[in-house]
Amino acid sequence: MFICLFYSFNPVAVMASRRALKAVLIDLSGTLHIEDAAVPGAQEALARLRQAPVTVKFVTNTTKECKRTLFERLRRLNFDLQEQEIFTSLTAARNLLEQRAVRPLLLVEDSALEDFTGLETSDPNAVVIGLAPDHFNYQTLNKAFRLILDGAPLIAIHKARYYKRKDGLALGPGPFVTGLEYATDTQATVVGKPEKGFFLEALRDLNCSPEEAVMIGDDARDDVGGAQNAGMLGILVKTGKYRPGDEGKINPPPHLMCDSFPEAVNHILENLLGSK
Amino acid sequence: MAAGSSMQWLRSVKGVILDMCGVLYDSGEGGGQAIHGSAEAVRRLIGSGLTVRFCTNETQNTRERFVQKLCVMGFDISVSHVFSPAPALIHILRERHLRPHLLVHDDLIPEFDSVDVSSPNCVVIGDAADNFSYQNLNEAFRVLIGLEKPLLFSLGQGRYYKETDGLKLDVGVFMKALEYACDVQAQVVGKPSAEFFQTVLSDMKLQPHEVVMIGDDLLNDIGGAQRCGMKGLQVRTGKYSQSRNVEQLILRK
């Protein structure tokens, strides 16, 4: 009996009951880089990962920047990637707006507006909340509030509580979405991490089921918790916004914890690739 | 209710707590106007020998300025008999040796003149209106999340209120925002918190069953008071006189 219990908690044994790894989803901010500085060794680790028979995709809840900006920053930091390998919550939001055929009041940074080009925004009948410190003032929030009270759906790019900036922690969109939900007694539709739909959407064009994928990120709830809830394995890295004890905030706990992205790649290459 | 039994409890009444907005006056342009007959009624209550106190959740002004406004309307009210969330909070801060980081309306700051605000070990938010900027909220968040024991006080928990130029978000919205950001629960000071009503009762040196609360807000005035053991008398002015649907929204929670 004791031997069986030990065996069932062995991560290698767990993998033996899963299908071979086909895809690796990688968070950006806090995992590969922090603001304009790469995590030490991350570029080289990504290069090694690309030599393995897995597809790599970069997934992010970043709401302040459009895909092109994210791509250009990563290239400047010498990461090897293509723009189409990036999937963001902004893209997910745009898809939803098109599906519902609504005209949004976009509370997103000017720099993110590029990803919404082509959508009608005059006489709005929907509210999209991203992270927009420059626009989050009392007047604009009241405007959004009144629209929602009149029946406009509230769409949240994601509900992150906070994120890490160079000068410390900063409020994410989550608190403002929660406040507006309370004010209007409605519930927002959340399109970003940790929603299951976000991860499934990211894997859709990879022809890959969640059981064949692993997610690497620094946010216990949004990256690892969300991915595991969608059926993936999650690796929590202790960089970026990670704070000791975060791993205890999700159930089940992270499949694995690593100091940083390079260590996570080492683990994948050594333990998670196909049958020997 | 039988007339006989209602006369019974009236005889044991030794004190009255009056809500202000919606009972004594209506808010609006130019500071608002007195509800007809209210000033004289207040004078009669005080003259009758009953202990009279006043309750409000107003946090966009100091008590002094607020009472001044009422005096201009014809009321004879002394500041020390008016209970608003800020002084009640200050009492709590003193008792618990707390130093607050303040996110409140500029006009409320003087209320905290005697309070030590250095090295804050708690955060206080009030109806700050235009002070609810991302920068100010972020600052409050950073103080809160940096505390070993995050302690958040909210002066009231309203969702929104009506002003002449439309509906505006109230303090409760930003309380929820900070609660979510830090995964904590705020302590609400002001109606309908039991502690708030208890502060007034202690000042009156009366027991709950000896006091009647008069208010227009079913949940926050009447509900809150009755949960403490007082009797509640609801008036059909103020919030009561607004449309039922709006009332449902305003009064819920």
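Trainee: Why does A129(B) count as buried?

Mentor: A129(B) has a relative accessibility of 11%. Buried means under 20% relative accessible area, exposed over 50%, partly exposed in between (1.4 Å probe, protein chains only). At 11%, A129(B) therefore counts as buried.

This is a predicted model: local features need pLDDT of at least 70, side-chain atom pairs count only at pLDDT 80 or more, and totals for chains, interfaces and linings use all residues. Residues are numbered from 1 along each chain as its sequence is written, chains are lettered from A and ligands numbered from 1 in the order in which they are written, and side-chain values use heavy atoms, with hydrogens and water left out.

Trainee: Where does A129(B) lie?

Mentor: In the loop between β7 (122-125) and α5 (134-146) of chain B. Helices (H or I, at least four residues) and strands (E, at least two) are DSSP runs, numbered from the N terminus. A129(B) is not a glycine, yet its phi is positive, about 50 degrees.

Trainee: What makes D185(A) partly exposed?

Mentor: Its relative accessible area is 33%. D185(A) sits in the loop between α7 and β11 (189-190) of chain A.

Trainee: How do you know that D167(A) forms a salt bridge with R142(B)?

Mentor: Their closest N and O atoms are 3.5 Å apart. A salt bridge is a side-chain nitrogen of Lys or Arg within 4 Å of a carboxyl oxygen of Asp or Glu. The distance meets that limit, so the pair qualifies. Chains A and B have two salt bridges between them.

Trainee: Which residues of chain A lose the most area to chain B?

Mentor: Chains A and B bury about 2800 Å² between them, 61% of it on carbon and sulfur atoms. In chain A, Y138(A), L171(A) and Y182(A) lose the most, together 31% of what that side buries. Buried area is the accessible area (1.4 Å probe) that two parts lose on being put together, summed over both. In contact terms (heavy atoms within 4.5 Å), 32 residues of chain A meet 30 of chain B.

Trainee: Why does the radius of gyration of chain A agree with a compact globule?

Mentor: The radius is taken over C-alpha atoms, and the rule is 2.2 Å times the number of residues to the power 0.38. For 276 residues that gives a value near 19 Å; chain A has 19 Å, so the two agree.

Trainee: Which peptide bond ending at P252(A) is cis?

Mentor: The one from N251(A), with omega near 0 degrees.
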